[in-house]
Amino acid sequence: MAKPAMGKTAYTGLVILESILWGVGNPVLKIGMEYLTPFWCLTLRFFLAFILFAIFFGRKALAQVNRSNVVGIVVSAVFNAGAYIFSAFALLYTSATIAGFLMSLAVLFTPFLSLVFIRQPLDWRLVPIIGVVVVGMYFLCGGGEFVFGWGEFMGVLGSLSFACGLVTTSRLVGNIGPTAMSCMQVGVMTVCCLIPALLTEDWHVLLNTPARGWAAILYMALGCTFVAYLMQNLALSHVSPVVVSLAFSSEPVFTAIAAFFMLGERLPLAGLFGAALVTAGIVLASVLQHLNEKKAARQAAEQSLESGEAP
């Protein structure tokens, strides 16, 4: 007997797990960039992850690539690379907690990009939930003390690029498959970071990196890229990019927690209130997703029953 397929709520849960890995990854990346320059840090991260993808899924990935999808794969990978690059520079110029908040603003862009580019109708019941999440992230970031500088600007660009990556990936991943998509995208992302690393940064920094720096790179490659990226594309093959971006809004909460223990960044009372609002928004979105899933299953069962009773 075949195993039942995972429900859409379960795939949303994968994004929550990804958010935990990325939430820890933000302060880890900030630590890594104490020893490595940004582009070399990202290049090593994606290169090591690509080796893992190639070992486990390389043959399958190559078999899925053809003239009809190669451009789409490259475009989606460039958007994702841009998200990581902008996010890395955001971490250089602002706190990990604020950078995590800004990276999650993709929840604002994704619904409208999905509506424009993949003609995916917007569930208007999500709009107030998105509003709750955004207000929560605002308080998580310090409320009235929020200052918009160079690092914050990089964070917003990163979230916009991430939203574009979600939408463009969503168009292809259902046909290509999450493992093949992840493998090819990470390969392109490696090249996107290697070129500016060679052009603008000194490669000799690699020779002087201590064990702590390499440990950060290994975590980013294995946890935040190989495992988390596969979770993201697996989720995108079953749920909308809007739902994925909303679930990813939990990432600032985990960033704030990890930054407290790893970097000594403290969350004030307003930040705790914001974290509670973000969590509430994620729970509400999950409940809505579950109700939609049950309604769709009930309608499918009714249609099947009517079809079976037809003469």
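How many salt bridges does the count come to? Taking a salt bridge as a side-chain nitrogen of Lys or Arg within 4 Å of a carboxyl oxygen of Asp or Glu, the count comes to one. The model behind this is a predicted one, where local features need pLDDT of at least 70, side-chain atom pairs count only at pLDDT 80 or more, and totals for chains, interfaces and linings use all residues. Residues are numbered from 1 along each chain as its sequence is written, and side-chain values use heavy atoms, with hydrogens and water left out.

The overall picture first. The chain has twelve helices and zero strands, these being DSSP runs numbered from the N terminus (H or I, at least four residues, for helices; E, at least two, for strands). Of its 311 residues, 50% count as buried, where buried means under 20% relative accessible area, exposed over 50% and partly exposed in between (1.4 Å probe, protein chains only). Contact here means heavy atoms within 4.5 Å. Among contacts in the chain with a separation of 6 or more, 92% are accounted for by residues 24 or more positions apart.

The side chains of E34 and R212 make it, at 3.8 Å from N to O. The pair ties together distant parts of the chain, 178 residues apart: E34 sits in the loop between α1 (8–32) and α2 (38–64), and R212 in helix α9 (residues 211–236). E34 is exposed, with a relative accessible area of 51%, while R212 is partly exposed at 46%. Helix α9 also holds A211, which counts as exposed at 64% relative accessibility.

Next, the helix packing. Two packed helices are described by the angle between their axes and the distance between the axes. Axes are lines fitted to C-alpha atoms, for helices over the stretch in contact, and angles run from 0 to 180 degrees between N-to-C directions. Helix α3 (residues 70–93) and helix α8 (residues 178–200) pack at about 55 degrees, with axes 8 Å apart. That makes α3 oblique to α8 (under 35 degrees is roughly parallel, over 145 roughly antiparallel, 65 to 115 roughly perpendicular and the rest oblique). The crossing of α3 with α8 is right-handed, that is, the near helix is turned clockwise from the far one by less than a right angle.

Helix α3 has α2 as another packing partner, at an angle of about 135 degrees with axes 10 Å apart. That makes α2 oblique to α3, and their crossing is right-handed. P38, F39, L42, R45 and F46 of α2 make the contact with Y84, I85, A88, F89 and L92 of α3. These residues divide into nine nonpolar, no polar and one charged.

Finally, A96 lies in helix α4 (residues 96–103) and counts as buried, at 0% relative accessibility. Its C-alpha atom is separated by 5.8 Å from that of P27, 69 residues apart along the chain. Leaving aside neighbours within four places in sequence, A96 is in contact with P27, K30, L91, T255, A259, L263 and E265.

Conventions: Ala, Val, Leu, Ile, Met, Phe, Trp, Tyr, Cys and Pro count as nonpolar, Asp, Glu, Lys and Arg as charged, and the others, Gly among them, as polar.
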